[in-house]
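Here are my notes for anyone opening this one for the first time. Have a look at the picture, then go through the points in order.

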Amino acid sequence: MTGEIMTGNEAIARGAFEAGVTVGTAYPGTPSTEILESLARYPGIECNWSANEKVALEVAIGASLEGARVLAAMKHVGVNVAADPLLTLSYIGVGGGLVLVSADDPGMHSSQNEQDNRHYARFAKIPLLEPSDSQEAKNFVIAAMDISEEYDTPVMLRTTTRISHSRTVVKLGERTTTGNRKYQKKPAKHVMLPGFARQRHPFVEKRLLALANEAEKSPFNRIETGTSNEIGIICSGIVYQYVKEAFPSFPVLKLGFTFPLPVKLIEKFCSEVEKILVIEELDPFMAEQIKAHGIRISGYSLFAPIGELSPEIIHDRISRFQKNVNPASAEAPPEKTIPQRPPILCPGCSHRGIFYTLKKLKLRIVGDIGCYTLAALYPLQAMDTCVCMGASIGMALGMEKANPRTSMQTVAVIGDSTFLHSGITPLIDAVYNDSSITVIILDNSTTGMTGHQEHPGTGTTLQGKKNKAVNIAALCRGLGIERVVETDTSDLDTLRRIIEKEVASRELSVIVYRRPCILKSRTSSDPLHIDPEKCNGCKACLQPGCPSIRFLDGKALIDPGTCTGCGLCRQLCKRDAIGIRKKGGNRGHEKD
């Protein structure tokens, strides 16, 4: 048996491969994206990006009922989108094993909230597994497939960012190919009309009791004895690693099968130690259930339900709780010395010019999820709202309905991938409700925010097959929108005229602004250079916030290593001080 260093996401894909999964679905979302990208590289597995997470789970359900083993992956907010089919999937059960990976993001490294998706498992009454490293991530997927088929239930595998992206050694196994289970037509099980659903609900409750017994005997839940029985810790997921690093000699109840909880095992552990601490990231998911079973725990509020934990935080809090064990370490954790680097749009990003123009026009900008959301930050500060995937168009419509005059002052801005994810439906709503808002679709021909994944508008599948690409402009016209403008101009004056004209119109209009992502197209021109003799330090070139420009001794300088030569700063310079850098790397200035 060979070993390989893998991220948690890569290990999940490996586990799916070894478990005999033949269908994988997802919508890319950090920190889950690499699961499907990794799975797609294995032979014998049909993998696809779906338009959104709801569709991804629905594809997975269909494949499962056809008898295939299936993996569906998404980030935590994606499960919100998929919640509708998920809650009924619990009733209809599975054909082949079905595992739903929820990659949560404590600390919000790349998310709009930090919800704790373990609640979804309890809400849907399905089993929940939480790995603590990459090896467990692989093993748990394999076990989850068996649990899914044995108990006729989807299984949720919940990871967090640190599990998804950290690396540990994984022992590799052979792929098990069980073949598809035979499809069986079972209307009473698969058609959730009220009469059938009422019959399935008791099954769900009975299944939950059986799963609780399974959790009691699961090898994923274990007691690790310590050198002292003064304090025992109950934990799961990445927190287990933090606890072992901070207090390696403490007795620990490590839980990997965390819903339903193994109550008898917890009672046994608690009887062996004097005080019990339940340490978890985000919500007191386990602590509340343990207390509800009448088990007394200590230090319930030692850890706030906010952000990530770390070995330092856990050491600090428990040391304070103990007081006399290690007073020195009860001091506040040392501050991290890593310099702060504010998030910002990339040098040469085509979004920079359009947000600069929208800000100059003093429009209300109803934004959406994507890398362009960074335009909300200094110095552009060109976005009024951002709530969730696809919300921009509906919110702009709502503003118009509340105050019709806002349609002349408001634009909804949405990326191409996000538009295909969930922007089409509210646009239909805008057509149907006779709206006159202006929608700008920033089509950079990729899913930029998660690392350049393909989508239905690119014409290339996850596994590299060339297919028909959805024509976004034609789609908008097909919805009945007559004012659809397509442009790829980088000229700010032209861009301004187009936006002014469409916003002033009293019809629903869509501007499809089509310029490829600079990081993917790699079409950068020669870098630009600022002539110090002409620069008067007015700082007009800084207004769009390009990170390639800095100031030194009252003059602007352009970093030739990062400048893509997009020319936006050049359009803003009133003194003609910006030109193309001469080849050879000298500081000469020439007009092109």
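1. A word on contacts before we start: two residues touch when they have heavy atoms within 4.5 Å of each other. Keep in mind too that this is a predicted model.

2. Leaving aside residues up to four places away in sequence, V484 touches A473, C476, R477, V510 and V512. Take A473 from that list: 11 residues separate it from V484 along the chain, and the two C-alpha atoms are 6.6 Å apart.

3. Is V484 buried or exposed? Its relative accessible area is 11%, and the cut-off for buried is under 20%, so V484 counts as buried.

4. Next, strand β5, residues 98-104. Seven of its seven residues are buried, so the strand is largely enclosed by the rest of the structure. You can check this face by face: L98, L100, S102 and D104 lie on one side, V99, V101 and A103 lie on the other, and all of them are buried.

5. Which strands pair with β5? One is β4 (residues 70-75), which runs parallel to β5 with six bridges between them. If you want a spot to look at, find L71, whose bridge partner in β5 is V99. Helix α4 (residues 76-92) belongs to this part as well: β4, α4 and β5 together form a right-handed β-α-β unit.

6. Strand β7 (residues 155-160) is another partner of β5, again parallel and again with six bridges. Here the pair to look for is D104, which stands opposite T160 of β7.

7. Last, the cysteines. How many disulfides turn up in a search of the whole structure? The count is zero. C371 is a case in point: the nearest cysteine sulfur belongs to C349 and is 6.0 Å away, whereas a disulfide needs the two sulfurs within 2.5 Å. C517 is in no disulfide either, and the nearest cysteine sulfur to it, that of C371, is 6.4 Å away.

8. One more check on those two cysteines: how does each stand in terms of burial? C371 has 27% relative accessibility, so it counts as partly exposed. C517 has 12%, so it counts as buried.

Terms used: Residues are numbered from 1 along each chain as its sequence is written. This is a predicted model: local features need pLDDT of at least 70, side-chain atom pairs count only at pLDDT 80 or more; totals for chains, interfaces and linings use all residues. Side-chain values use heavy atoms; hydrogens and water are left out. Buried means under 20% relative accessible area, exposed over 50%, partly exposed in between (1.4 Å probe, protein chains only). Helices (H or I, at least four residues) and strands (E, at least two) are DSSP runs, numbered from the N terminus. Two strands pair if DSSP finds at least two bridges between them. A crossover is right-handed if, with the strands pointing away from the viewer, the path from the first strand over the helix to the second runs clockwise.
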